[in-house]
Amino acid sequence: MSQYETPLFTGLINHAKKNPIQFHIPGHKKGQGIDLEFRNFIGENALSIDLINIAPLDDLHQPKGIIKQAQDLAAEAFGADHTFFSVQGTSGAIMTMVMAVCGPGDKIIVPRNVHKSVMSAIVFSGAVPIFIHPEIDKELGISHGITTESVEKALEQNPDAKGLLVINPTYFGVSADLKKIVEIAHSYSVPVLVDEAHGVHIHFHEGLPMSAMQAGADMAATSVHKLGGSLTQSSVLNVKEGLVSPNHVQSILSMLTTTSTSYILLASLDVARKRLATEGRELIDKAIKLADHIRLEVNTIPKLTCIGREILGSKATFDYDPTKLIISVKELGISGYDVEKWLREKHNIEVELSDLYNILCLVTTGDTETEAEILISALRDLAEEFNQYQGENQEISEVMLPDIPLLALTPRDAFYASTEVVPIEESAGRIIAEFIMVYPPGIPIFIPGEIITEENIAYIKKNIEVGLPVQGPEDSELKNLRVIKERKAII
């Protein structure tokens, strides 16, 4: 088949054209049984292909027809031996990767700045995480990747590990030397699992970091919806044969996937693959040039800095994705969250994320010069307005970073242990039994089993103070934390 073909999307259209009488789910029956206002907004075409896994349309759990054809084309496009579609997002694909190689008590080497889905999979599987500390950028207040040296050291100490997980690229677009990391891991016969949530496009342009499949990784969970043009919640899991069994991967993915799979999401993966494979390089090239233009202009604005290639050069910053615009605002004396709110209220602009010191803007194939100039103009207005307050809130420019806590219990043991709730002010020194993170990006400040520190409590409170979305605990107000119950000595 040709990369210009869309077997799944085309099959759905042909089925809808037949207009069959449907005595099966979904109950809205081509939109006739759905709210009229919603139907008029969504459109009858979309509702006509909101279907279920009847025989003519194949079955994601055991594909043999149009879904298999679409997945085979995706595997060819991504340089994989097998590609599996995910309607559970990249989180579902990440959990599949971990659970496909790890069982109770098995070791898995992971960076500490992994997404919460990795830690959720570790809880579900009962695996034991061996943490590698990522390199910290103290200027920006963000984590980068892991170094080849740290990987070598972790494998020397844990040659029995069942897997090594790498983030490529990070949320902020920075990549480590993935090819070398894969070579090191494979010398120990350890499979490499890649969280490629923010890198679907890198495979299709030589000016971007090397993709997981190009680097020889064994599995990669890739968000097509984030930067590749498919609908939200649709992703792929790319697999190379050798150290992992694709049949086992399919079984695990099926266990974690709804049996009522969305054909609209699946079709969007099919058409996004076609566009990336046939037009990707040209479209991504335009996005890179547009991002470079924005970066150049932002760096002429007083008190704002948009990071470029100067971020490279350390052991963990091997390459970077220029379409990720990391804009440091700390010299303005305000937080990234203040900037996010200001841009929303004053210019109707939404950014990808903000933290204490930065905002992150993504430039994709869906952007044009019009949006670029609106952003540049808004940031000029921002600098002009807030420059006058310079000096009033200087403490925000002092970069504050979370500690990497000690792990006292495996995440699974902590998650299922006997627990109690204590005030956050009294929690230091206790073992936490829940997750705490700022989302986005969803990197945990605490995971179950770690010892709570005063420094990280202060970091959490600072994020809450400036309005950032701290999530995870049962108590959404963060006044109390769930911790492991301590047994008192018998007198």
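These questions and answers go through the helices and sheets of a predicted model.

Me: What makes Ala-75 count as buried?
Reply: Buried means under 20% relative accessible area. Ala-75 has 5% relative accessibility, so Ala-75 counts as buried. This residue is found in helix α4 (residues 66–78).

Me: Which residues does Ala-75 touch, not counting residues up to four places away in sequence?
Reply: Ala-75 touches Ala-80, Asp-81, His-82 and Thr-83. Contact here means heavy atoms within 4.5 Å. As for Glu-297, it lies 222 residues from Ala-75 in sequence and 39 Å away in space, C-alpha to C-alpha.

Me: Why are α7 and α8 called roughly parallel?
Reply: Helix α7 (residues 148–157) and helix α8 (residues 178–187) pack at an angle of about 10°. Angles under 35 degrees count as roughly parallel. The two helices, α7 and α8, are therefore roughly parallel to each other. Their axes are 10 Å apart, and α7 passes α8 in a right-handed crossing.

Me: Which residues of α7 and α8 meet?
Reply: On the α7 side they are Thr-148, Val-151, Glu-152 and Leu-155, and on the α8 side Lys-180, Ile-181, Ile-184 and Ala-185. By class, the residues of this contact of α7 with α8 are five nonpolar, one polar and two charged.

Me: What is the order of the strands in the open sheet of seven strands?
Reply: The order is β1-β10-β9-β8-β6-β2-β3, and the pairing is mixed. At the edges stand β1 and β3 (128–132), each with a single partner strand, so one side of each has no neighbour in the sheet. From one strand to the next the twist averages 20°.

Me: How do you know that β6 is largely enclosed by the rest of the structure?
Reply: The cut-off for a buried residue is under 20% relative accessible area. In strand β6 (residues 163–167), five of the five residues are buried, so β6 is largely enclosed by the rest of the structure. Gly-163, Leu-165 and Ile-167 point one way from β6, while Leu-164 and Val-166 point the other way, and all are buried.

Me: What makes β2 and β6 a pair, and in which sense?
Reply: Two strands pair if there are at least two bridges between them. Strand β2 (residues 107–111) and β6 have two bridges and pair in the parallel sense. Ile-109 stands opposite Leu-164 in β6.

Me: How many bridges do β6 and β8 pair over?
Reply: There are four bridges between β6 and strand β8 (residues 192–196), in the parallel sense. The bridge partner of Val-166 in β8 is Val-194. Val-194 also stands opposite Ala-220 in β9. Four bridges join β8 to β9, and these strands run parallel.

Me: What makes β10 largely enclosed?
Reply: Five of the five residues of strand β10 (residues 235–239) are buried, so β10 is largely enclosed by the rest of the structure. Ser-235, Leu-237 and Val-239 point one way from the strand, and Val-236 and Asn-238 the other way.

Me: Which strands pair with β10 in the antiparallel sense?
Reply: Strand β1 (residues 82–86) pairs with β10 in the antiparallel sense over five bridges, with Thr-83 opposite Asn-238. Strand β9 (residues 219–222) is joined to β10 by four bridges, and the two run antiparallel. In β10, Met-219 has Val-239 as its bridge partner.

Me: Which strands do α5 and α10 lie across?
Reply: Helix α5 (residues 89–101) lies across β1, β2, β6, β8, β9 and β10 and runs at about 160° to β9. Angles over 145 degrees count as roughly antiparallel. Helix α10 (residues 246–255) lies across β1, β9 and β10 and runs at about 5° to β1.

Me: Why do β11 and β14 stand at the edges of the open sheet of four strands?
Reply: The order in this sheet is β11-β13-β15-β14, with antiparallel pairing. Both β11 (305–306) and β14 (353–354) have a single partner strand, so one side of each is left without a neighbour in the sheet. The pairing of β11 with strand β13 (residues 324–328) is antiparallel, over two bridges, and Thr-305 has Ser-328 as its bridge partner in β13. Helix α12 (residues 336–347) packs on the sheet and touches β14 and β15 (358–362). The direction of α12 makes about 50° with that of β15.

Terms used. Residues numbered from 1 in each chain as written. Predicted model: local features only at pLDDT ≥ 70, side-chain atom pairs only at ≥ 80, totals over all residues. Heavy atoms only, no water. Axes fitted to C-alpha atoms, helices over the stretch in contact; angles between N-to-C directions. Parallel < 35°, antiparallel > 145°, perpendicular 65-115°, else oblique. Left-handed = near helix turned anticlockwise from the far one by under 90°. Nonpolar A, V, L, I, M, F, W, Y, C, P; charged D, E, K, R; others polar. Buried < 20%, exposed > 50% of the residue type's maximum accessible area, 1.4 Å probe, protein only.
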